[in-house]
Amino acid sequence: MLDRHNLRLWAYSGVAFIGAIPIMVAPHYLIGPGHPAGDPLRIVVMTASAVAAVAWGFTFATLGFRHADEYIRERSKFAWYWGGLIGIAASAPVYAFVGLGGQHWLNPANPMGTQVFHAFALGYSLPILAQLLGFIGVYLWWKATKR
Amino acid sequence: MKNRLKVLRAERDWSQADLAQRLDVSRQSVNAIETGKYDPSLPLAFRIARLFDMPIEAIFQDA
């Protein structure tokens, strides 16, 4: 049975995740379909809603972490650190396979070419680069505040 | 790290949930500490020592 420490963590995590979805999706329906790709209004509104959704999620994730006891925090840190590292490591062969045209090889209907490769490489690199920058930022902050 | 938490808890006839409530931690924390799978932080070790009115080294010993 879940005690209140775990319940609070799951409750905050649920609110963080479930609340972020409508914030992210609602503007798409508010401004309506039919906007062409690259429409500035759509880009600005959807980017702003993504910022709001992340802020919402981050706020409740932080509350959940703060209300968790040290064992649950330690478990979370351990899982994020090792799970994140393993996930990134496991994605490298997938990146090589797809980047080199593996999908086209498996199914010739899938597109292949320099443009497709660049789009895939950019999409793959962005979260990894962002994670690396986040890691460096928190690492330096921790070092500066703990000496 | 070894500890006498389980014995001390049993002497008082407390369940893991009772002890967890008194320490304001999850029951999983108590279980993990008792089984030696998790070493508590220094603040939590002090809370445990205060609860049982014993010095920390009387509860926790180096393995």
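I began with helices α3(A) and α5(A) in this predicted model, and looked up how their axes run: the axes of α3(A) and of helix α5 (residues 114–145) of chain A come within 10 Å and cross at roughly 170°. Angles over 145 degrees count as roughly antiparallel, and α3(A) and α5(A) are therefore roughly antiparallel to each other.

I then listed who makes this contact, and found A:Ile88, A:Tyr95, A:Val98 and A:Gly99 on the side of α3(A), facing A:Phe117, A:Phe120, A:Ala121, A:Tyr124 and A:Ile128 of α5(A). By kind, the residues of this contact are eight nonpolar and one polar, with no charged residue.

Next I looked up the domains, and noted that chain A is divided into domain 1 (1–68) and domain 2 (81–147), whose C-alpha centres lie 23 Å apart.

Which residues have the most contacts inside the largest nonpolar core? I found A:Leu9, A:Ile72, B:Ala20, B:Val25 and B:Val30, in a core of 13 residues. Two or more residues come from each of α1 (4–30) and α3 (70–99) of chain A, and likewise from α2 (16–23) and α3 of chain B.

Last, I turned to the contact between the chains, which takes seven residues from chain A and ten residues from chain B. On the side of chain B that touches chain A, helix α3 (residues 27–34) of chain B gives the most, with four residues, and the residues of that side divide into five nonpolar, four polar and one charged.

Definitions and conventions. Residues are numbered from 1 along each chain as its sequence is written. Chains are lettered from A and ligands numbered from 1 in the order in which they are written. This is a predicted model: local features need pLDDT of at least 70, side-chain atom pairs count only at pLDDT 80 or more; totals for chains, interfaces and linings use all residues. Two residues are in contact if their C-beta atoms, placed from the backbone, lie within 7 Å. Ala, Val, Leu, Ile, Met, Phe, Trp, Tyr, Cys and Pro count as nonpolar, Asp, Glu, Lys and Arg as charged, and the others, Gly among them, as polar. Domain bounds come from an automatic or database domain assignment. A nonpolar core is a set of buried Ala, Val, Leu, Ile, Met, Phe, Trp, Tyr and Cys residues joined through C-beta atoms within 7 Å. A residue is buried if 20 or more other C-beta atoms lie within 10 Å of its own, exposed if 12 or fewer, and partly exposed in between; C-beta atoms are placed from the backbone. Axes are lines fitted to C-alpha atoms, for helices over the stretch in contact, and angles run from 0 to 180 degrees between N-to-C directions. Angles under 35 degrees count as roughly parallel, over 145 as roughly antiparallel, 65 to 115 as roughly perpendicular and the rest as oblique.
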